[in-house]
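Please read the following walk through one protein model with the sequence and coordinates open beside it.

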Amino acid sequence: MKAIIYTRVSTVEQADKGYSLEGQEKECRNFALLNGYPIDKVFVERGESAKTQQRTELQRLIKYSVEHKKELSVLIIWKYDRFARNLSDQMELVKKFADLGIRVLSVTENNEDTSVGRLMRNIIGSFSQYENDLRSERTKNGMIQAIKQGRWCWRPPLGYKKSRDESNKPLPLPSNNSIYIIEAFEVFQTGLYSQADIVIRLRREGCKQMTKGLLNRILRNPFYIGLIKVDWLPEPVKGLHKPIVSEEVFSRVQLILSGKRPSITPKVRNNPDFPLRNFIRCPKCGNKLTAGWSTGHKGTRHPYYHCRKGVCSVNVRKDVLETRFYELLESFQPTQDALNLFEAIVLDVWRAKQSDRIKEEYRLDKELQELIATKKKIDELLIKGVFDEETYRARAEEINNDILIKRVELNEAKIELNDIEACLNYGKAMMGNAAKLWANADLNLKQRFQTFIFPEKIHWNGETFGTTATSILFKQLQSIPNQKSDLVAPTGFEPVFSG
Ligand SMILES: [Zn+2]
């Protein structure tokens with residue numbers, strides 16, 4: 001790494017031999033030699049008099065330093081007051097070079113280990129830090145002010161687009177994508193579909209960017225009910241933007257997300273004797289069967305499932321219907337091979353997802369670095385004198401905001417890693433033992449479980465069950481061939497982890 005030298009003297013000082021330009025340059029060169037710095041260039045300021053403030057060489061020095069900063073490591077001067085008489089101007093200049101990655105060394109003062117040198121370095125360091133802090137504090141304060149007024153300061157979330165109000169301030173508006181958001185909330189609040197089901201559904205409908213991570217963030221984001229929630233404020237703030245989801249739907253979704261899901265059938269109708277009540281449908285009228293005890297000829301009571309409509313005359317004994325249902329579940333249980341394959345596929349998809357996520361993180365990080373580089377360029381333009389102070393401030397403020405926003409985006413992209421192994425083991429155990437699990441579960445769990453496996457209508461045909469669809473999970477498993485050589489995820493396959 002090379003050194004540059006800057007010397008300056010006034011005519012008055014030249015009277016004294018020790019202060020001559022030649023003398024300064026010689027001492028600077030010796031200093032460089034002693035410290036092992038090859039000399040790149042020497043800048044000599046030939047001031048006509050002490051009164052002359054023009055510093056053409058200093059300007060050239062800064063310009064040169066900006067352009068060659070990569071090759072330069074130190075600037076050697078004879079004394080700090082060669083830079084400027086005023087101490088704060090000296091520091092300003094030292095700091096400017098420090099920003100370029102160039103250390104200023106004085107031949108006669110401030111060598112690294114002297115107390116003055118340390119003080120100088122500390123002060124300069126603190127100043128830079130203070131300035132940076134102040135800048136981000138100002139931006140943050142500005143943002144808090146804006147948020148308190150209900151303004152969203154970042155790129156709007158999916159379902160909204162950037163727009164401005166009458167006073168030309170940012171105000172997000174619902175976009176064409178808002179239909180997907182509304183649908184996601186509406187479908188999820190029923191408690192009948194997993195997030196993975198919804199992701200598949202939305203993608204099929206054209207919302208290609210939907211992922212499970214994104215959906216999860218969406219379902220938890222109070223922005224959609226018109227609130228703005230940030231870490232810096234204790235309470236969410238009512239936003240100026242128009243909500244697209246009702247508070248009622250949103251709170252139901254939060255209950256489901258937190259696991260406090262209300263039972264699928266209303267409590268009053270629940271009866272532990274009849275888990276399939278209000279679930280299996282009448283083959284004739286399509287209504288859900290109810291159940292009860294009927295008294296036989298000899299006064300004994302027998303449990304039955306039956307249609308509410310007398311005309312259908314559909315009656316089926318509890319043990320018959322439930323045994324058949326148990327067998328149906330058994331028939332759905334995938335083989336061990338299929339389960340192992342399922343595990344392999346999920347891991348495959350999961351790894352691909354992880355790498356997508358890492359790519360996204362990488363992209364955001366790259367953009368952040370580019371912004372920081374742009375900011376540096378703006379600083380250089382100021383040093384070069386291309387920008388006046390005001391233009392610089394405006395540009396710098398803008399880019400600092402962008403940097404802050406990009407940081408927020410980057411942090412948001414860093415989703416926590418799931419414990420994939422535990423999820424898989426749970427999933428395998430659940431699917432491999434569906435019938436037994438159902439039989440041993442309590443009423444509430446039974447009902448949730450059966451609704452999960454058969455999210456759509458299921459009829460009793462008198463002998464067997466008819467159903468249009470089982471849960472996507474079981475459907476996918478059944479479509480998995482039993483050969484390991486076919487280790488390819490079916491199109492649209494998404495791992496299902498409810499949560
Ligand atoms: Zn009926």
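**From a loop to the cores**

Asn278 lies in the loop between α9 (247–257) and β9. Helices (H or I, at least four residues) and strands (E, at least two) are DSSP runs, numbered from the N terminus. The structure is a predicted model, in which local features need pLDDT of at least 70 and side-chain atom pairs count only at pLDDT 80 or more, while totals for chains, interfaces and linings use all residues. Residues are numbered from 1 along each chain as its sequence is written.

The phi angle of Asn278 is near 60°, a positive value in a residue other than glycine. Asn278 has 19 other C-beta atoms within 10 Å and is therefore partly exposed. The scale behind that word is as follows: a residue is buried if 20 or more other C-beta atoms lie within 10 Å of its own, exposed if 12 or fewer, and partly exposed in between, with C-beta atoms placed from the backbone.

Asn287 is found in the loop between β9 (280–281) and β10. Asn287 counts as partly exposed because it has 14 C-beta neighbours inside 10 Å. Leaving out residues up to four places away in sequence, Asn287 touches Arg281, Cys282, Cys307, Arg308 and Lys309; two residues are in contact if their C-beta atoms, placed from the backbone, lie within 7 Å. Asn287 and His459 are 172 residues apart in sequence, yet their C-alpha atoms are 9.2 Å apart in space.

The next element is a sheet. Strands of a sheet pair through backbone hydrogen bonds, either parallel or antiparallel. Here three strands form an open sheet in the order β10-β11-β12, and the pairing is antiparallel; two strands pair if DSSP finds at least two bridges between them. Its edge strands, β10 (290–295) and β12 (315–317), each pair on one side only. Neighbouring strands of this sheet are turned by 40° against each other on average, direction ignored. Axes are lines fitted to C-alpha atoms, for helices over the stretch in contact, and angles run from 0 to 180 degrees between N-to-C directions. β10 and strand β11 (residues 301–306) pair in the antiparallel sense over six bridges, and the bridge partner of Thr295 in β11 is Arg301. Helix α10 (residues 318–332) packs on the sheet and touches β10, β11 and β12. The direction of α10 makes about 75° with that of β12.

Ser313 sits in the loop between β11 and β12. Although Ser313 is not a glycine, it has a positive phi of about 40°. Ser313 counts as exposed because it has 9 C-beta neighbours inside 10 Å.

Helix packing comes next. Two packed helices are described by the angle between their axes and the distance between the axes. The axes of helix α6 (residues 178–189) and helix α8 (residues 212–220) come within 11 Å and cross at roughly 80°. That makes α6 roughly perpendicular to α8; angles under 35 degrees count as roughly parallel, over 145 as roughly antiparallel, 65 to 115 as roughly perpendicular and the rest as oblique. Ile181, Ala184, Phe185 and Phe188 of α6 make the contact with Leu215, Ile218 and Leu219 of α8. These contact residues divide into seven nonpolar, no polar and no charged. Ala, Val, Leu, Ile, Met, Phe, Trp, Tyr, Cys and Pro count as nonpolar, Asp, Glu, Lys and Arg as charged, and the others, Gly among them, as polar.

Helix α7 (residues 195–204) also meets α8, with axes that come within 9 Å and cross at roughly 105°. α7 and α8 are therefore roughly perpendicular to each other. On the α7 side the contact involves Gln195, Ala196, Ile198 and Val199, and on the α8 side Lys212, Leu215 and Asn216. The contact of α7 with α8 divides into four nonpolar residues, two polar and one charged.

What does the largest nonpolar core contain? It has 27 residues, and those with the most contacts inside it are Leu75, Ile76 and Ile77. A nonpolar core is a set of buried Ala, Val, Leu, Ile, Met, Phe, Trp, Tyr and Cys residues joined through C-beta atoms within 7 Å. Elements that each supply at least two residues of this core include β1 (2–9), α2 (21–35) and β3 (72–77). A second, separate core of 24 residues includes Phe185, Tyr193, Ile218 and Phe223.
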